[in-house]
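My notes are in the order in which I checked them.

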Amino acid sequence: MQHFYELFQFVILSYFFSLLLKTRAQLLTVYILLIVLPVFLLSRYLIDPNLFFEYNHLEPYLTTMPLIVYSSMHLYNNLGEKSDFYYGNIGLLFYLFTSTFIFLIYRLYVVLDIDDKIGDVMTIINITLQYIKFGFFFYQWKLIYFNKNELN
Amino acid sequence: MNSINLENSEIIQGVFFILLAFISMFLVLILFFYFSRKKIVQIEVDKKNLEIEHQKELLNSVLITQEEERKRIAQDLHDDISSKLNVVSLNSHLLKTPNLSESEQLEITNNIIELTQKALENSRRIAHDLLPPVLEKFGLHAGIEELVEEFNSTKTVKVSYENQLDFESYPIEKHLHIFRILQELLNNSLRHGKATEISIQFTNFDNQKTCTYIDNGLGFDSSSEENQKGLGMKNIESRINFLGGNFNFTSKPNEGVKMIFNFN
């Protein structure tokens with residue numbers, strides 16, 4: 001399931017950023033990665049179907065890093081001016097940054113099989129981070145929603 | 001043995017990817033800051049360039065106005081004085097012609113006297129237009145009062161003037177700037193705005209000398225860029241710059257003009 005979740009997130013968010021980003025070079029990067037990455041990941045599973053049932057680090061790394069880069073690009077594009085989806089983007093960037101580490105460390109923790117409590121703590125941290133992200137999203141939605149109302 | 005090896009390799013893999021994630025995010029951050037700094041500096045440079053461009057435009061408009069003013073003076077001198085003096089000189093030559101009857105002589109001299117008087121009057125008017133003597137002798141307050149009176153005497157417009165400031169302590173070289181600003185505003189209101197009521201107020205607002213100018217003329221869309229580029233407005237702006245003040249100009253079609261400026 002996780003494979004699908006990560007790929008789905010990558011494709012959807014790549015599409016989202018392809019709408020936001022402006023310069024040719026940035027758009028080209030988004031489009032090329034949007035095609036190359038899924039093809040690469042799927043072909044891996046076709047060549048060795050066993051990989052599909054194992055956890056692997058490469059996939060989450062490859063699917064989140066480009067998103068972090070796109071998000072930073074969008075921040076950079078709108079430096080010093082009013083930005084579309086500013087808070088949503090900040091929330092997303094924040095969550096991608098932190099969750100990547102959480103997942104990587106969690107995997108290490110599972111493999112090492114140390115203390116049970118740390119796992120709970122990490123789950124709680126992840127949930128808190130999700131809430132913070134949704135807080136940003138909610139604020140962004142509020143801004144867009146009320147601005148629309150003003151226009152009408 | 002095999003399972004321990006597998007576990008070990010997974011741990012190494014996990015640590016490796018954590019490290020990789022760290023390094024890549026660090027790289028993203030560094031690149032982001034590097035490019036941001038560059039962009040911010042570029043934005044600052046653009047802003048400064050825009051300011052310089054604006055200053056250049058102001059300077060240019062000052063030069064253009066100066067040239068136009070010269071042209072106007074030249075025209076005034078040519079039309080009102082040179083032409084009259086020309087006729088005077090012709091008439092004087094006529095006086096030299098022999099066998100003139102007394103009545104003819106009288107007519108010519110009367111002509112000469114009349115024309116020289118007109119020329120004198122015109123030269124006085126031109127001088128007065130260039131720099132009202134009242135302004136120099138009695139200061140800005142009297143100068144504005146005279147200006148307002150002149151406009152009121154045309155009967156097409158009613159100008160009210162109130163002053164709560166003491167201009168005597170104000171540097172005399174700045175009086176002329178304020179006078180010219182008001183002159184320009186009044187001329188614009190009359191010529192373009194067809195205003196019938198104008199109010200000029202000098203007050204001390206927040207410890208700053210402030211002038212409020214309101215008319216009830218046709219007005220125009222002050223937010224449109226074309227209207228802000230007029231030579232008159234540029235002139236007013238550069239004069240207010242000289243005075244070290246700020247100004248706020250608002251106008252809408254059919255709602256007159258309101259201009260507030262302060263000076264130090």
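**Conventions.** I am working from a predicted model, in which local features need pLDDT of at least 70 and side-chain atom pairs count only at pLDDT 80 or more, while totals for chains, interfaces and linings use all residues. Residues are numbered from 1 along each chain as its sequence is written, chains are lettered from A and ligands numbered from 1 in the order in which they are written, and side-chain values use heavy atoms, with hydrogens and water left out.

**Chain A.** I counted 5 helices and 0 strands in chain A. Helices here are DSSP runs of H or I with at least four residues, strands are runs of E with at least two, and both are numbered from the N terminus. The pattern along the sequence of chain A reads α-α-α-α-α. I noted a box of roughly 55 × 40 × 25 Å along the principal axes for the C-alpha atoms of chain A.

**Sheet of chain B.** I found an open sheet of 5 strands in chain B, in the order β1-β2-β3-β5-β4, with mixed pairing. Two strands pair if DSSP finds at least two bridges between them. Contact means heavy atoms within 4.5 Å.

I then went through the strand pairs. β2(B) and β3 (residues 208-215) of chain B run antiparallel and are joined by 8 bridges. B:Phe205 has B:Gln208 in β3(B) as its bridge partner. The hairpin of these two strands has 2 residues between them, and there B:Asp206 takes a positive phi near 55 degrees. β3(B) also pairs with β5(B) in the antiparallel sense, over 7 bridges, and B:Tyr213 is bridged to B:Met259 in β5(B). β5 (residues 257-263) and β4(B) are antiparallel over 5 bridges, with B:Thr250 opposite B:Lys258.

**Chain B against chain A.** I listed 21 residues from chain B and 22 residues from chain A in the contact. The two chains bury about 2000 Å² between them, 81% of it on carbon and sulfur atoms. Buried area is the accessible area (1.4 Å probe) that two parts lose on being put together, summed over both. B:Phe17, B:Met25 and B:Lys39 supply 31% of the area that chain B buries against chain A, more than any other three residues.

**Salt bridges.** The term means a side-chain nitrogen of Lys or Arg within 4 Å of a carboxyl oxygen of Asp or Glu. One of them joins B:Glu44 and B:Lys47, with the closest N and O atoms 3.8 Å apart. B:Glu44 and B:Lys47 are separated by about one helical turn because they are 3 residues apart in helix α1 (residues 2-96) of chain B.
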